[in-house]
Amino acid sequence: MSAPAKTAVVLFSHGTVENLDDLHGFVTNIRRGRPPPKEVVDELRHRYQAIGGRSPLGDITRELARLVEARLGLPTRMAMRMWHPYPEEVLAQLAGEGIERVIVVPLAQHSTPAYAEAMDRAAAKVGKPLEVRCAKNWGASPDLTAAFAESIGEAWNALAEDVRAKATVVMTAHSVPMSVIQSGDPYEREVRKSAEAIGRALGVPYEVAFQSQGMGGGEWLGPDLPSTLDALASRGQKHALFAAIGFLSDHVEVLYDLDIEAAALGRARGLTTSRAASLNVAPRFVDAIVGVAKELLP
Ligand SMILES: CC1=C(CCC(=O)O)c2cc3nc(cc4[nH]c(cc5[nH]c(cc1n2)c(C)c5CCC(=O)O)c(CCC(=O)O)c4C)C(CCC(=O)O)=C3C
Ligand SMILES: [Fe+2]
């Protein structure tokens, strides 16, 4: 009888940079190898500066890995799709430590196919055989739904009663180019399925919006935030409670795009705004990741 394969877990994040001088290379990766115009890099640099000079995404993901490792009793590492540590770096290191099987949980619950593809490509480059098992879209898993409902429910209950009477939750996910939708990608359906599950658990009025449309033009999936906030204002709503249900952690597109940009869009329409806390390292969220990983364990 052979010994059980030595197993590790990788939390596979979008990624961020620690040094703003790396923004050009990072955004080139995000744009699938197309170098960005200088204005895009300058605008992003301004956004990082506006949230304090750096993104918390790396710190949060490393802490999450520590918490998941403690729960599962398996070595758990962070890899990033768009910057170091890239999956090939992390897998090579794990293989060097004698790991034979890697359970991958993409921290992109509605976009796991792209993450699985990147991880498989990386595994093929590692000299030693590694069995890679990557979680499929897990945006409607019960623990994740409960984690979001808990966070949004807390923010909703923190509103004064008269504000709540004229408030709507705006559940957001990142927009994607319309060409992605037209090619049959299930992203929009997956996001709406999550929103419905969270909405059912919450029992409060909500809308779904797609945020952070690309700066390079072309047609992007809507409804976007300006038109969603227009619609709320014209219905006599007074407060928009943003909830970034497409993201799992604080990062620039939450701390800038929602807390600064979307808050200003609300103000311009006579709406006050607030935001449900990101899941970050919430215990319920750790439960969700542990559950997703456990389903892939033999
Ligand atoms: C700077 C930056 C961060 C890091 C912030 C930080 O350091 O704190 C970040 C994080 C994230 N971005 C995320 C998701 C997406 N971002 C997109 C598209 C874009 N992001 C951009 C910038 C950033 N994004 C840009 C310039 C584009 C347009 C590209 C173009 O013009 O073509 C798209 C559209 C499809 C595509 O283009 O892939 C999606 C779905 C997710 C969620 C997980 C996931 O789904 O990976 C996370 C954490
Ligand atoms: Fe993004």
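This is a predicted model: local features need pLDDT of at least 70, side-chain atom pairs count only at pLDDT 80 or more; totals for chains, interfaces and linings use all residues.
1. A residue counts as buried if 20 or more other C-beta atoms lie within 10 Å of its own, with C-beta atoms placed from the backbone.

2. The burial of β1 involves both of its faces. On one side the buried residues are Thr7, Val9, Leu11 and Ser13, and on the other they are Ala8, Val10 and Phe12.

3. Strand β1 belongs to an open sheet of 4 strands, ordered β2-β1-β3-β4, with parallel pairing. The edge positions are taken by β2 (76-80) and β4 (131-134); each has a single partner strand, so one side of each is left without a neighbour in the sheet. From one strand to the next, the twist averages 25 degrees.

4. As background, strands of a sheet pair through backbone hydrogen bonds, and the pairing is either parallel or antiparallel. Here β1 (residues 7-13) pairs with β2 in the parallel sense over 5 bridges. Within this pairing, Ser13 has Met80 of β2 as its bridge partner, and Phe12 stands opposite Ala79 of β2.

5. Which strand is joined to β1 by 6 bridges? It is β3, and the two run parallel. In β3, Val104 is the bridge partner of Val10. Val10 is also one of the buried residues listed above for β1.

6. Helix α4 (residues 87-96) lies across β1, β2 and β3 (101-106), and its direction is at about 155 degrees to β2. Helix α13 (residues 283-296) lies across β1, β3 and β4, running at about 140 degrees to β3.

7. The surroundings of ligand 1 comprise 18 residues, of which the closest are Thr16, Ser55, Ala108, Gly214 and His251. Two or more residues of this shell come from each of the elements α1 (23-30) and α11 (252-255).

8. How is the shell around ligand 1 made up by class? There are 8 nonpolar, 8 polar and 2 charged residues.

9. Both domains contribute to the shell around ligand 1: at least three residues come from each of domain 1 (7-138 + 283-296) and domain 2 (142-275).

Methods
Residues are numbered from 1 along each chain as its sequence is written. Chains are lettered from A and ligands numbered from 1 in the order in which they are written. Two strands pair if DSSP finds at least two bridges between them. Axes are lines fitted to C-alpha atoms, for helices over the stretch in contact, and angles run from 0 to 180 degrees between N-to-C directions. Two residues are in contact if their C-beta atoms, placed from the backbone, lie within 7 Å. A residue is near a molecule or strand if its C-beta atom, placed from the backbone, lies within 6 Å of it. Ala, Val, Leu, Ile, Met, Phe, Trp, Tyr, Cys and Pro count as nonpolar, Asp, Glu, Lys and Arg as charged, and the others, Gly among them, as polar. Domain bounds come from an automatic or database domain assignment. A residue is buried if 20 or more other C-beta atoms lie within 10 Å of its own, exposed if 12 or fewer, and partly exposed in between; C-beta atoms are placed from the backbone.
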